[in-house]
Structure formats: structure tokens, C-alpha cells
Amino acid sequence: MTVYFIGAGPGDPELLTKKAERIIGECPVCLYAGSLVPAEVVACAPEGAKVMDTAPMTLNDTHAEIKAAHDRGENVARVHSGDPSLYGAIAEQIRRLRADGIDYQIIPGVPAYAAMAAEMKQELTIPEIAQSIVLTRMSMQSTSMPEGETLENFARTGATLAIHLAVRNMREIERVLVPYYGADCPVVVGYRVGWPDQMLIRGTLSDIRKKVRSEKITRTALIMVGPALREAQDFKDSALYDPAIPHVLRPVTGIDLVEDHNT
């Protein structure tokens, strides 16, 4: 018996991987996070499967269902939103599985930041502007951030920031980031990306809070900040396809790339 932690992607059922769809379609038990995963994603569960929305359940409740399935010798599809390695709350589930000797596997999914970048029709790493992405969140009353993982520290890098679970902290984001990125730095807030009612709100650090408030968005949003998000940019082309810069798969005519066997 195996528990499969499955990344369902951001919400669009068509972004479910072929492997994830196959495994969901084979498991007699499917537990899915209904507050973030549409029921359409798990519609491929086999006929007669036990499909449960875990939104109203506790960790002990879900683990009890898994143990019961284990006793019956039935595999379990444990379906989470996005990619389960990012804010998937699977670490505490894995700890219980290990303690009970229950086998598990992890099936990756499309993370929210990747789906949002696709909807924005933009690259997040622009040559000589931003070459790093920081995936982070804000401290909450229930879970604080580790020492050193502060928004100020990440802002000092100038990287593209993807801030999860923070749409209620727009004022604090503005206060912290303006000194590093400037008031005119572009910001995009993605609401329920991948769902039929998805919304992208574009603005700057100086006006995004007002725009988000006018749309009455208080949850299920991802905030991206950074100069790489500008829609019109003057930047240097990547060297990857530069005809003047040869590499082993695309040598420049007249130049021999000789392998050095002494290195």
C-alpha cells in the first residue's frame, strides 16, 4: 500500500500531469484539499472510489483515513494544490506515515508561481535585471517565519519575489519593499490562478494595495514583485542563442571546438 502525495497544479484540471491523472485514476481512496483543488481535478478517480474533501478535516482525521486504507491494502491519492513541496503541509503527514511504517511517494505538480507567470505571458528571469526568484511568505499568527527569512533580507537581493499567503498584508509589503525596489516597482497579484474566475491585478508598490482592496481580494492570491515584471523592457539578449557565442551544440562556422582531454 502506498500514499501518493499528488500536486494538482493551481486549479486548471488540464495542468494535471499525465502521471498524476493515472495514479488518481487507479487509487480506490482519494483525499483532496477541496478549498484549493477543484472537484474536476479528481473526477478521474475510479468508479466506486472513496473521494473525500479534506477541507473540514483535521490532520488526525486524514491520517485515520489513510491508516484505514492501509489496513485494507488500498492505495491513497492525497491530492494537494500546486506542487506539494511548496507550502503543501505534507511534512507533518510524512512524519506520521514514517512512524506507522506506511510507504509514500510524491508526484510533483505545476506550482502557482509558474502558472501565474504563464498567465502574465512573461519570463521571471530577465538578463541583467533579475536572475533569481524568491518564494516566500509573510509571518502569520499561527506560523512565524524562521529568523533571517525576512522580507527585508530578500528585498536586498533585488530578485523577483513571489510572496504567498500575504494578500492581507499589502500595507506591510509596501512599507518594507519601497525602500529597496522603489514606489514605481511593478507588482502583480494573481487571484485564483487556473480557476474560471482567475484575476491578474497589475500595479506598482505605490498603488497595488488600493487596487486589491477595490477587488475585495482577501485570500487565495499570490503576489509577485520585482523589476523583471515590467511589460516593456530594454535588456540585453541572452547569450544562449547569440550567434557570436559558440557552444558544443552550436559551433560557429569556421571555429573548431576541440575537446581538451587534459582537463
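1. A residue counts as exposed when its relative accessible area is over 50%, and as buried when that area is under 20%. Arginine 156 has a relative accessible area of 53%, so this residue is exposed. Please keep in mind throughout that the model is predicted.

2. Arginine 156 sits in the loop that runs between helix 5 and strand 7. Its side chain forms a polar contact of 2.4 Å with the side chain of asparagine 153. The C-alpha atom of arginine 156 is also 6.4 Å from that of tyrosine 180, although 24 residues separate the two along the chain.

3. For the chain as a whole, the secondary structure amounts to seven helices and ten strands. Of its 263 residues, 41% are buried. Among contacts between residues at least 6 apart in sequence, 66% link residues at least 24 apart.

4. Two threonines in strands are worth checking. Threonine 2 belongs to strand 1, residues 2-7. Its relative accessible area is 10%, which is under the 20% limit, so threonine 2 is buried. Setting aside neighbours within four places in sequence, threonine 2 contacts Asn75, Val76, Asp103, Tyr104 and Gln105.

5. Threonine 204 lies in strand 9. This residue is counted as buried because its relative accessibility is 18%. Its side chain makes a polar contact of 2.8 Å with the side chain of serine 206. Beyond the neighbours within four places in sequence, threonine 204 is in contact with Ala183, Asp184, Cys185, Pro186 and Val187.

6. Which residues of helix 6 are buried? In this helix, residues 170-181, they are Met170, Ile173, Val176, Leu177 and Tyr181. These residues lie on the same side of helix 6, because they cover an arc of only 135 degrees around the axis. In general, an α-helix has 3.6 residues a turn, so residues three or four places apart point the same way.

7. On the face of helix 6 turned away from the buried side are the exposed residues Arg171, Arg175 and Pro179. The cover over the buried residues of helix 6 includes helix 5 (151-155), strand 7 (160-164), strand 8, helix 7 (208-214) and strand 10. After helix 6 comes glycine 182, with a positive phi near 90 degrees.

8. Helix 4 spans residues 112-120, and its buried residues are Ala115, Met116, Ala117 and Met120. Strand 8 (186-191), strand 9 (199-204) and strand 10 (221-225) are included in what covers them.

9. The largest pocket holds about 1300 Å³ of space. It is lined by 42 residues, and Ser35, Leu36, Ser81, Tyr87 and Leu165 are the closest to its centre. By class, the lining has 21 nonpolar, 15 polar and six charged residues.

10. Which elements supply at least two residues each to the lining of the largest pocket? They are helix 2 (59-72), strand 4 (76-80), helix 3 (91-99), helix 4, strand 8 and strand 10.

Key:
Residues are numbered from 1 along each chain as its sequence is written. This is a predicted model: local features need pLDDT of at least 70, side-chain atom pairs count only at pLDDT 80 or more; totals for chains, interfaces and linings use all residues. Side-chain values use heavy atoms; hydrogens and water are left out. Buried means under 20% relative accessible area, exposed over 50%, partly exposed in between (1.4 Å probe, protein chains only). Helices (H or I, at least four residues) and strands (E, at least two) are DSSP runs, numbered from the N terminus. Contact means heavy atoms within 4.5 Å. On a 1 Å grid over the protein atoms alone, a cavity is a set of points where a 1.4 Å probe fits but cannot get out, and a pocket is an open set with protein on both sides within 12 Å along at least five of seven lines; lining residues have an atom within 4 Å of a point. Grid points are joined across faces, edges and corners, and a volume is the space filled by probe spheres set on the points. Ala, Val, Leu, Ile, Met, Phe, Trp, Tyr, Cys and Pro count as nonpolar, Asp, Glu, Lys and Arg as charged, and the others, Gly among them, as polar. A polar contact is a pair of N or O atoms within 3.5 Å; within protein, one must be able to donate a hydrogen and the other to accept it, and residues adjacent in sequence count only if both atoms are side-chain atoms. The arc is that of the directions from the helix axis to the C-beta atoms.
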